[in-house]
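Subject: Structure handover

Hello,

Here is the structure for you to look over. My notes follow it.

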Amino acid sequence: MGIKTIVEERMNYFKNMGVIFEKTKNESFSQVQTKTFAEYEIKQLEDFKNTVMDAGANELAEEIEQKIGHCNRGWRGEEKVGSKLQFCNLDMYVLYCLYFEFELNNYTINTQIDYLVITPKNLYFLECKNWKKDIGIDKFQNFYLIFPSEPRKRIASPFEQLDRQVTTVRKMIEQENNKFWKKAIIRHIFKKNCKLVLVLADDGERVYRKDEKGEKIRPIVHTDHLTRYIEETDKRTRN
């Protein structure tokens with residue numbers, strides 16, 4: 001079977017499929033009767049807060065409550081992104097609530113992925129953020145919160161999260177395909193057809209960039225523009 005025939009079969013597999021959502025089945029989540037990683041994290045925090053309050057550490061309990069609020073906000077943002085993806089005019093698989101943990105060279109590697117969208121042409125890793133504040137990005141790809149009358153506050157880079165997600169998934173697939181030529185094909189696919197996207201769930205969020213001339217800018221997309229971005233990117237991508 002030639003390469004052309006294989007490609008045609010894969011393309012036909014997606015034909016007229018529509019948008020199909022698949023949720024991860026994770027034993028850790030089911031044990032505490034939660035459906036998503038966000039719900040699982042919130043449940044863990046609530047249990048910890050109750051323990052702290054019983055010990056009389058009220059200040060720590062307030063900090064945990066703030067963390068729960070952030071998780072709830074993030075969860076609502078992820079749900080909003082999922083509702084937008086349902087109306088995409090492409091055949092695709094949408095995998096959500098992904099949590100991976102495996103051993104590699106005596107190290108435990110784990111990562112959580114908000115959405116992995118598989119189209120006939122590309123893999124889209126979506127990291128959803130539902131920030132309240134405006135965000136700035138400097139020329140070194142550092143992220144920081146912008147306050148009206150306070151110094152800016154450095155925050156973790158979502159693109160570092162996305163890089164870790166992609167590396168984890170690629171290494172997991174490579175573990176199942178030990179032959180050199182298979183690994184080469186996998187790395188080629190992840191290099192050419194893997195799209196890392198930061199999705200802003202709050203319509204009021206604004207991003208300010210300070211990029212060097214000629215610096216490659218990674219995609220940051222609001223939820224309202226997400227389906228159009230995916231459709232246009234797939235259209236530009238060769239089979």
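In this predicted model, the axes of helix 4 (residues 58–85) and helix 7 cross at roughly 40 degrees and come within 9 Å. Angles under 35 degrees would count as roughly parallel, and 65 to 115 as roughly perpendicular. The two helices are therefore oblique to each other. The crossing of helix 4 past helix 7 is right-handed. Which residues make the contact? Helix 4 supplies Lys-80, Val-81, Lys-84 and Leu-85. Helix 7 supplies Thr-223, Asp-224, Leu-226, Thr-227 and Ile-230.

Next, helix 7 by itself. Helix 7 covers residues 223–236, which makes 14 residues. The buried residues in helix 7 are Thr-223, Leu-226, Thr-227, Tyr-229, Ile-230, Thr-233 and Asp-234. In an α-helix there are 3.6 residues a turn, so residues three or four places apart point the same way. Keep that in mind when you look at the buried set. Thr-223, Leu-226, Thr-227 and Ile-230 are buried, and these residues also take part in the contact with helix 4.

Now the strands, starting with strand 8. Strand 8 spans residues 194–200. Is it mostly covered or mostly open? Mostly covered: six of its seven residues are buried. Strand 8 has a parallel pairing with strand 4 (residues 123–129), over seven bridges. There, Leu-123 has Cys-194 of strand 8 as its bridge partner. Strand 8 also pairs with strand 10 (residues 220–222), again in the parallel sense, over three bridges. In that pairing Val-221 of strand 10 stands opposite Val-199.

Gly-136 has Tyr-208 in strand 9 as its bridge partner.

For viewing, two places to begin: the contact of helix 4 with helix 7, including Lys-80 and Asp-224, and strand 8 with its parallel pairings to strand 4 and strand 10.

Best wishes

Definitions and conventions:
Residues numbered from 1 in each chain as written. Predicted model: local features only at pLDDT ≥ 70, side-chain atom pairs only at ≥ 80, totals over all residues. Heavy atoms only, no water. Pairing = 2+ DSSP bridges. Helix = DSSP H or I, 4+ residues; strand = E, 2+ residues; numbered from the N terminus. Expected span 1.5 Å × (residues − 1). Buried < 20%, exposed > 50% of the residue type's maximum accessible area, 1.4 Å probe, protein only. Axes fitted to C-alpha atoms, helices over the stretch in contact; angles between N-to-C directions. Parallel < 35°, antiparallel > 145°, perpendicular 65-115°, else oblique. Left-handed = near helix turned anticlockwise from the far one by under 90°. Contact = heavy atoms within 4.5 Å.
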